[in-house]
Amino acid sequence: MKDLNIKNNWTTEELQTIYDLPFNDLLWKSHELHRKYHDPNKVQISTLMSIKTGGCPEDCKYCSQSIRYDTDINLEKTLPLADIIKQAKDAKNSGATRFCMGAAWRNLNQSNLAKVKEMVREVKGLGLETCVTLGMLTGQQATELKDVGLDYYNHNLDTSEEYYKKVVTTRTYQDRLDTLQHVRDAGVKVCSGGILGLGEENIDRIKLIQVLANLENHPESVPINRLVKVEGTPYFDNFDVDEFDFIRVIALARIAMPKSYVRLSAGRDTMNDQMQALCFFAGANSIFYGEELLTTKNSTIQHDQDLLEKLKIKTQAPMLKEKNKISAKDSGGNKLKDIPISVKDLQKPLVS
Ligand code: SF4
């Protein structure tokens with residue numbers, strides 16, 4: 001029998017009406033659906049590994065990795081395969097079931113495709129699920145990645161089609177949609193969401209959710225990022241997103257795509273515990289875990305462990321055992337790659 005909660009013909013007016021509900025009514029509605037399709041006391045834990053940092057030719061106005069902006073980023077070449085395998089093994093030993101690799105590329109060229117295929121094959125061979133975010137893909141490239149064992153591809157739409165033109169001029173919204181279609185056609189699972197805080201209006205946020213929810217199949221993962229303001233980028237001085245607006249978008253995503261994993265992504269370190277708790281109630285059921293997200297700060301691991309314990313929220317894969325917990329003091333200054341972490345799902349919020 002058809003599930004009436006799962007649809008892909010949302011109108012802007014329908015979503016606007018839901019978005020404008022009194023806050024308690026909106027959260028009641030989203031939480032009810034959340035409870036129907038997910039365990040409300042369980043989250044996926046996500047992290048990401050940058051396999052090539054900085055030097056991107058695109059002009060995404062929020063991104064520290066664009067070559068067009070004077071940011072404090074160390075350019076790095078593509079990491080050697082051995083480093084990636086080591087990190088994947090560490091992640092697996094810490095309980096990871098999925099490993100994501102991201103690169104600051106506009107699109108994938110043939111030489112990089114060959115390298116990434118090798119990485120995917122090796123990581124898959126370790127018994128991990130694989131995920132990559134590499135920029136735009138052709139259908140042939142998506143198929144080749146699928147053939148070597150790729151499970152997920154991350155490619156964010158960022159915002160509404162109308163507002164997107166103000167954020168990025170070096171590629172079109174349709175380019176993004178084409179890549180998502182290539183990924184879906186190849187049989188790879190889709191991870192796609194957006195960023196709040198780009199200077200957009202609430203209607204742009206509603207339209208972003210509408211586009212995602214009206215794809216033929218909802219993305220399996222929907223990361224919702226809060227802009228991380230990076231000095232040197234054009235959006236460094238943007239206004240902060242209103243907390244209640246952010247929570248409303250999480251709730252709207254949950255209602256429009258009831259089965260998807262809604263990922264509370266970049267910018268979580270700027271949210272207090274109460275706001276995060278409301279996001280979980282509204283329907284978020286995945287977070288990034290690790291003290292660094294690509295090039296920006298994230299919530300500390302210790303803080304996340306404490307928060308989840310306080311809320312009695314469990315993770316899909318076991319977190320670090322008590323004796324291995326990293327104190328805020330001990331972990332200060334460490335990079336994610338230096339810290340053994342337990343990850344379930346590895347995604348990337350801002351790149352590509
Ligand atoms: S978001 Fe991705 S595509 Fe845009 S500048 Fe950054 S790395 Fe490049």
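**Note on the predicted model**

1. The chain has an average pLDDT of 86, and 86% of its residues score at least 70; pLDDT is the predictor's confidence in each residue, from 0 to 100. Over residues 321-352 the pLDDT is below 50, yet this stretch has 103 contacts in the model beyond near neighbours in sequence. Two residues are in contact if their C-beta atoms, placed from the backbone, lie within 7 Å.

2. As this is a predicted model, local features need pLDDT of at least 70 and side-chain atom pairs count only at pLDDT 80 or more, whereas totals for chains, interfaces and linings use all residues. Residues are numbered from 1 along each chain as its sequence is written.

3. The chain comprises 12 helices and 14 strands, taken as DSSP runs (helices H or I, at least four residues; strands E, at least two) and numbered from the N terminus. Of its 352 residues, 48% are buried. A residue is termed buried if 20 or more other C-beta atoms lie within 10 Å of its own, exposed if 12 or fewer, and partly exposed in between, with C-beta atoms placed from the backbone. Among contacts between residues at least 6 apart in sequence, 81% join residues at least 24 apart.

4. The largest nonpolar core has 49 residues, of which I209, I250, L252, A253 and A256 touch the most other members. Such a core is a set of buried Ala, Val, Leu, Ile, Met, Phe, Trp, Tyr and Cys residues joined through C-beta atoms within 7 Å. Helix α9 (residues 243-256) supplies the largest share of this core, nine residues. Leaving out residues up to four places away in sequence, A253 touches I209, V222, I224, V262 and G283. Another core, of 33 residues, lies apart from it and has F99, C131, L180 and V183 among its members.

5. L196 belongs to strand β7 (residues 194-196) and counts as buried because it has 24 C-beta neighbours inside 10 Å. Apart from neighbours within four places in sequence, the contacts of L196 are R205, I224, N225, R226, L227, V241, F246 and V249.

6. Helix α3 (residues 81-93) consists of 13 residues and reaches 18 Å from its first C-alpha to its last, close to the 18 Å expected at 1.5 Å a residue; the expected span is 1.5 Å times one less than the number of residues. I84, A88 and A91 are the buried residues of α3. They lie on the same side of α3 because they cover an arc of only 60° around the axis, the arc being that of the directions from the helix axis to the C-beta atoms. Their cover includes β2 (49-52), β3 (98-103) and α4 (110-125). On the face of α3 turned away from the buried side are the exposed residues A82, D83, K86 and N93.

7. Most residues other than glycine have a negative phi. D158, however, has a positive phi near 75° and is found in the loop between β5 (152-154) and α6 (161-167). D158 counts as buried, because 24 C-beta neighbours lie inside 10 Å.

8. K312, also not a glycine, has a positive phi of about 55°. K312 is placed in the loop between α11 (301-311) and β13 (314-315) and, with 7 C-beta neighbours inside 10 Å, counts as exposed.
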